Structure formats: structure tokens, C-alpha cells
Amino acid sequence: MIRAELSSDSYATALGVTVRSPSPVLALCRKLIEAGYDPGTPLEAYRGDTLCLRVRSIGEAAGLRMDTDKTGRPVFKREKTTARASLVEFRREAAE
């Protein structure tokens, strides 16, 4: 389990990695995978002592982005990035 700290609306930090993004937890998951962390690792994001968000796996979260629907409500959408490819590569290597 990775513990992430949220600060302001756009910063997240975990394991020495800090990101600034409109969706900081998703961006942090992508950076953690780039840094070599296991995509299957879960993450919990805290603001102080308050648990704000649980991520089933950083690999799954890395494959998402925030968008809005027709009414302007925020929604998750699948991202087309190298983070998803990294997840596939990682699992293939683990199977060998």
C-alpha cells in the first residue's frame, strides 16, 4: 500500500515523488509507474489524517483521466498513454 499526501487542490506526494496537476492522484500514479513501482500496488490518498481516496491499483488509475460529461459533471475516462502499455509490459515480464 502506498500512502499519498494531498496538499492544496493540485499537489500530491508519495515515496519522494511530487506532482502538480488538476487531477493529482491520477498524475501521481502515472509518475510512480514511470519511477518503477509495481502497477498492481494500491494507493490511499490522505489530506492530513483524513482518507480522501482509495485507488485499487496505481496501474488502473494511471490509465484514467478526468473529463466532464454533457452536463459538466466530472467523470473518469480511459487514457490512451504509455502508462497502460507499461502495465501490460510489467505483467508480461512478471509471467516470464
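Predicted model: local features only at pLDDT ≥ 70, side-chain atom pairs only at ≥ 80, totals over all residues.
**Entry 1. Salt bridge count**

I began with the charged side chains. Side chains of opposite charge can pair when their charged atoms come close. I took a nitrogen of Lys or Arg within 4 Å of a carboxyl oxygen of Asp or Glu as the criterion. By this rule I have 7 salt bridges. I went through some of them in turn.

**Entry 2. E34 and K31**

I looked up E34 and found a salt bridge with K31, with 3.7 Å between the closest N and O atoms. Both residues sit in helix α1, which runs over residues 24-34. They are 3 residues apart there, so about one helical turn separates them. I then checked accessibility. E34 is exposed, at 60% relative accessibility. K31 is partly exposed, at 40%.

**Entry 3. R54 and E44**

Next I took the salt bridge of R54 with E44, where the closest N and O atoms are 2.9 Å apart. E44 has 12% and is buried. The cut-off for buried is under 20%, so the value of 12% puts E44 in that class.

**Entry 4. Surroundings of E44**

I stayed with E44 in strand β4. Which residues does E44 touch, leaving out those up to four places away in sequence? I list M1, I2, R3, A4, L51, L53 and R54. With R54 there is also a polar contact, side chain to side chain, at 2.9 Å.

For R56 I have a relative accessibility of 65%, which counts as exposed. E60 is at 34% and counts as partly exposed. I also noted a network of salt bridges that links R65, D67 and K77.

**Entry 5. The faces of strand β2**

I turned from charges to strands. In a regular strand the side chains alternate between the two faces of the sheet. I looked for this in strand β2, residues 11-14. Which residues lie on the covered face, and which on the uncovered one? A12 and A14 are on the covered face. Y11 and T13 are on the uncovered face.

**Entry 6. Partners of β2**

I then looked up the neighbours of β2. With strand β1 (residues 2-7), β2 pairs in the antiparallel sense over 3 bridges. I read A12 in β2 as the bridge partner of L6. The hairpin of β1 and β2 has 3 residues between the strands. In that hairpin S8 takes a positive phi near 50 degrees.

With strand β3 (residues 17-20), β2 pairs in the antiparallel sense over 4 bridges. Here A14 stands opposite V17 of β3. The hairpin of β2 and β3 has 2 residues between the strands, and L15 takes a positive phi near 50 degrees in that hairpin.

**Entry 7. Recap**

I keep two items to return to.

Technical notes
Residues numbered from 1 in each chain as written. Heavy atoms only, no water. Salt bridge = Lys/Arg side-chain N within 4 Å of Asp/Glu carboxyl O. Buried < 20%, exposed > 50% of the residue type's maximum accessible area, 1.4 Å probe, protein only. Pairing = 2+ DSSP bridges. Polar contact = N/O pair within 3.5 Å; in protein donor to acceptor, adjacent residues only side chain to side chain. Contact = heavy atoms within 4.5 Å.
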